[in-house]
Amino acid sequence: MSGEKSVRSTLFGVILMLSVALSPLVSAQISVSATILTEWVDDGNDNITHGYRIVLSESLSFAELDELAVTITHDDVDGNPIGNWAMDWTGGNNTELSLTVNSTLNWKDEITVEVWQNGCCSPSNLIGSRTIQVTIWNEPLSDHEITRVTNWNLIQNSVNFTASESWNLTFIGQGWQQRTGDILESNELGSGTLSIEESTEGGTGTVAILLWLDMVWLNETVNGMDLQSQVFEMRGNGTIGVNNSEDGVDSEIFGNVVNSYIIRSLDQGIVEEQLRLEANGGIHLYSEGGGETMEANGTLALLLIETHDLDGQRILSNTEFEGTADMEIHSEDYHMDLDINQIINRERWENGQFHSSLNRIQGDGAFDFSDEEENSTMVVNATVYEIFSESVDGMKTGDKLHVDGTFSGDVNGDFGIMRDIVATDHSQENATGVAFTTNVIFTESWLNLSGIGNNPFDMEAAHNKTWDYEVPEEHWENRTVRLRWDSMEGGEPSEGDEFPERSPIQVDLEAPEANSTLGDVDITRETGLAPAGLTIGDRVDLLGSELMHLSVTATSTGTVVRDGHTIPVTYWEGTYGGDGLASGAVISEGILAGLVAEVTRDVTLDLDDGDTLEFSETQSLARVLSPSIITEGENTAPSIVSVSIREGSITNEGASSVHLEVEVDDVDWNVRSVTADLSALSMGIITLNDIGLEGDTSIHDETFTAEITYSGIIDGDVSIQVDVSDDWITTSGDYDIQLLNRLPRISSFAYSPNTVNRGDTTSVTLTANDGSGVTAVGLDTTQWGGNVTWLSLVDGDWIGDVIVPETIPSGDQVLSVRLEDGAGGSGSTTQFGTGEELPSLHILNEGPAISEVTFYDNGEIISSLGIPLTGTNQYTMTALVTDLDPVTIVQARLGLLAPPGQSDTWIAMRDDGIGADAEAGDGIWSVSVEVRPGVPGGITTFDIRGIDQQLAQTPVNDRTFSVELGASGEGGGGGQAVLEGASNVWIILGIIGLILVLVAVGLVLWIRKGGLTQMMTSSDDLWK
């Protein structure tokens, strides 16, 4: 015993020592954990690397690292595998491993990364796991609707060797974002200011526009990862100033912008931009030098600029300028006043083609000056009666000048200038013999001297005339093709005709080119693929925007409170590719995972050609409009109220479609799916809807519906499992539904013959099938007093003879078929399996039968009818009329028993209890008959016929009946007695008298109708 105890003690000690020695290793293997971080960063070629960094919670030895394995699966949006990988720790150090996966990330992909520790235990120990849904930065995957507040400022500067431009846009407003399925729509609406400053080419002037924007609107629609459309619109009013200094003249236009908008849109990659600026104000010109000062002040009635660019082409350019001006020029001895009462400049281009233009200057004025030379003086006063210059659609149409003046002093006289277009559409050849259409502009000037004295100014009398043959195209150069003159100066005449060389020089109009008012600015903020939930240490590069490339690093976690929700967030910091920083918080879990809760941006970007862009912004989530529950902690699990078949039950073997309905109660209104497991019926799992599809009767009433058809043969109660899932939890339950056995289906059916009389026999042949087999088939005529005729199965057909019941209604009748199947089901049908009605058996109709014809005299039945000597004898005749169909008409053709003149007329009989009829609706039809004196005695015949609802009549052979006419018991006499009591003479005389009376009556009627007048007229009149 002691030896055994010694051995046991030794073994126990060894085990204890091993457990103590191994415990640190076991502890290390169990306690280590791995954090999985994204490394979705730029590979240097503007492509995102699909990479990860695995960080261990503690350092491990190389032997322990060899036991680690990393598995990665990558599935697309539909759950289809893109790839899966298994990796070891090769390339890592004691605490970290960086790896890349050979696959490309796409929107809605799902990646699962797992870190396993092998060799420590069986099965292997999972020490780290992360499932990542790929979304777009600031765009949660789930349906939602939120608002945000935004404040941003955008400045662009452009400088080159000859000009510079800058514009500054500020915005304060509200943002709105909504996702429905794959479509994400976002808007920003508010107000702001736009300041534009631009120097003119060569730096001689500047244009300054300041607009107070009462509406700034930015709308974007994204389908999946693709930007479908973007609209940026600004509307407002403000001020405009244009300053220029050129050739010693300073010019200034200042005005108020009364209507302006800038709209820039992007649709399916096509950029469209529209501009309208309408202003009014004033004009000022000033120059000074050489002892002379010029100043002009005017009114700007209209300044309109409209442009429309589409896909890099200017499809509309329209400018309009209208105003007036007063101009004053003066020096020590010179002064001029001009009143320009109309200044118009318009030009319009459409689709790159010149459309129209109008340029017009019109006015009048006066000038005077004085001069002195060698103690001699001269004073000049002149009136400018008209200044008019006009061109329409680029062609000169007006060129008028009329000046009259006088001068006095040591030299006296007058002078004048007259200029006008005296001919248009004149064909004139140039120096090379090429003909051009020209305007002929005639100018006449004169100088008359009335007193010269010593002529200190060497003045001479002059009278000059010139004819300028000028092409009307104002955009051409060297436009005069011929110049002719006739002058007289100092008594010396001079004439000439000149053809300038290289005249005219044709120049094409240059169409305006597209030029963005907003500059080449990418309005879109940073965007790109990102994990739906950021983990501390994640790195993501957002390269989706053209300019705003941002590298994001997750730094810490926390919560923010928005709209009554406490929302978990991950804080992050980022740097832009240029000089810029951004920081903020992104929601890390729940429905809104991936949405930026708050952000601050401050970036300066260097653009092409030395341009710079400065953008600063603060943005914050304001309200969560939907869903009402956005985190699991706020959620209440849904409950199942009822599960039912709307039609009550399901009939198997595909008899018909029914509707499975599941009523759900969810206080949070965030049910995402309702499914039913119909595996017991071999139908798998089906999804129900509450959006009006598949027979759903009301949208979003929390009753989910699916239309189903069961083609199997199971019947009875069947249990199904129903699952209701919201965003976080699934509620399940088992429910019974009832399945009924479907009757066998008839596929063919025929009668032979198919037209029969009642009581005939017809053969029936039909084919029926059933999933459980057909066991019995019979034709059922019990509703008409027949029975069930069971058919026999012969070579797959059911065959038998059926006796047509005597009481079956005439016409087309569908006989009911009784069927029984192998599952014990039975029933009757009058339809094929397709739902069409079985063929009908045509029952020939027989007319009503007439029987029991009876005559009554004051209620007593009589067998013969008496013939009266005078007056008439009245009787009632009745007949029993029977038919399987309702009798609608019974008539009698009474012959000698009819009223005078109606012996061959069918007279209606009655069964309504009125008149001669004793009782209504008893099938006995009645009519009054009469016997008159003089009718022959003996047997007389008459007819009775009936007509039923099917319009069948009593057969002709069954209509005739007879009754005996004999002597009356009360002194009556028949026709024979009358003849026997009278002589032949009296009969002859009576007949002759009757004829004479008839002739006399006829003659009178003929005369009244004009017969006599016609006889007295000539024969010619008769043909008229």
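**Figure 1. Close-up of Pro 753 in the predicted model.** Pro 753 is located in the loop that links strand 41 (745-752) to strand 42 (755-756). In this predicted model, the peptide bond running from Ser 752 to Pro 753 adopts the cis form, and its omega is near -5°. Most peptide bonds are trans.

**Figure 2. Close-up of the peptide bond between Ser 626 and Pro 627**. Ser 626 and Pro 627 are joined by a cis peptide bond, for which omega is about 0°. The loop that holds Pro 627 lies between strand 32 (612-626) and strand 33 (639-645).

Figure 3. Asp 311 is found in the loop between strand 15 (292-310) and strand 16 (313-331). Its phi is near 55°, a positive value in a residue other than glycine. Most residues other than glycine have a negative phi. The relative accessibility of Asp 311 is 48%, so this residue counts as partly exposed; the exposed class requires a value over 50%.

Figure 4. The phi of Asp 425 is near 55°, which is a positive value in a residue other than glycine. With a relative accessible area of 66%, Asp 425 is exposed, since exposed denotes a value over 50%.

Methods. Residues are numbered from 1 along each chain as its sequence is written. This is a predicted model: local features need pLDDT of at least 70, side-chain atom pairs count only at pLDDT 80 or more; totals for chains, interfaces and linings use all residues. Side-chain values use heavy atoms; hydrogens and water are left out. Helices (H or I, at least four residues) and strands (E, at least two) are DSSP runs, numbered from the N terminus. Buried means under 20% relative accessible area, exposed over 50%, partly exposed in between (1.4 Å probe, protein chains only).
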